[in-house]
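Here are my notes for you to read next to the model. Keep the viewer open and find each residue as you go.

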Amino acid sequence: MRPGTGLGDLVGQAIHSATVVPRLYTAALHAGLGPSGALEVLRISQGALRAAATHGRGVRGRTNAMRHFMWQAVLTARFGIEAARTIAAAQEAGTPSRRDSGVDAHNNAVGQEYGLAHAGELTTGSSADALAALVPVALAKWDADELVWVTTR
């Protein structure tokens, strides 16, 4: 156990992680995407996680920042800003760490802004193509300190 991490914190993190798929699926349905749209949300989420894990590792916080940026950029481009925000809120619901949620909210907002501005590019081809195209963008935004791993708020 890490110093300062209690058993209750670890249980909360485990529960939050274990319930992410039903939370995202339900949020997508509430956003009006229907079952096929909700499944696509899960595919995009999984693809963003995989791409970020592959290309973001090695620097503390970068994988998570990239994942949230790419995930929200593609969701915004493909389903609209309100659906992306609804799904992002569901992801953060019940999170055991306010600090982590603040970081995620910042990186989500950067992704949403990018998704709005580049919807044409991000809706051509598959979601996997869109995520692959976003990897160098996410890395550049990380290097420019547009994506964060700690909040100063």
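1. Contacts first: of those in the protein chain with a separation of 6 or more, 69% link residues 24 or more positions apart. A contact here means heavy atoms within 4.5 Å. Bear in mind that this is a predicted model, where local features need pLDDT of at least 70, side-chain atom pairs count only at pLDDT 80 or more, and totals for chains, interfaces and linings use all residues. Residues are numbered from 1 along each chain as its sequence is written, and side-chain values use heavy atoms, with hydrogens and water left out.

2. What is the chain built from? It has 8 helices and 0 strands; both are DSSP runs numbered from the N terminus, with helices being H or I of at least four residues and strands E of at least two. Buried residues make up 41% of the 153 residues. Buried means under 20% relative accessible area, exposed means over 50%, and partly exposed is in between (1.4 Å probe, protein chains only).

3. Now look at helix 2, residues 20-30, where Arg23, Leu24, Ala27 and Ala28 are buried. Why do they belong together? They cover an arc of only 130° around the axis, which puts them on the same side of helix 2. That arc is taken from the directions from the helix axis to the C-beta atoms. Just after this helix, Gly32 takes a positive phi of about 90°.

4. Tyr25 also lies in helix 2, and it is partly exposed at 26% relative accessible area. Leaving out residues up to four places away in sequence, Tyr25 touches Pro35, Ala38, Leu39 and Leu42.

5. How many salt bridges does the structure hold? There are 3, each being a side-chain nitrogen of Lys or Arg within 4 Å of a carboxyl oxygen of Asp or Glu. Glu40 pairs with Arg43 at 2.7 Å, N to O. These two sit 3 residues apart in helix 3 (residues 34-56), so about one helical turn separates them. Glu40 is buried at 18%, while Arg43 is partly exposed at 47%.

6. Helix 5 (residues 81-92) has Arg85 and Glu82, also 3 residues apart and separated by about one helical turn. Their closest N and O atoms are 3.4 Å apart. Finally, Lys141 and Glu146 meet at 2.8 Å, N to O; Lys141 is buried at 15%, and Glu146 is partly exposed at 35%.
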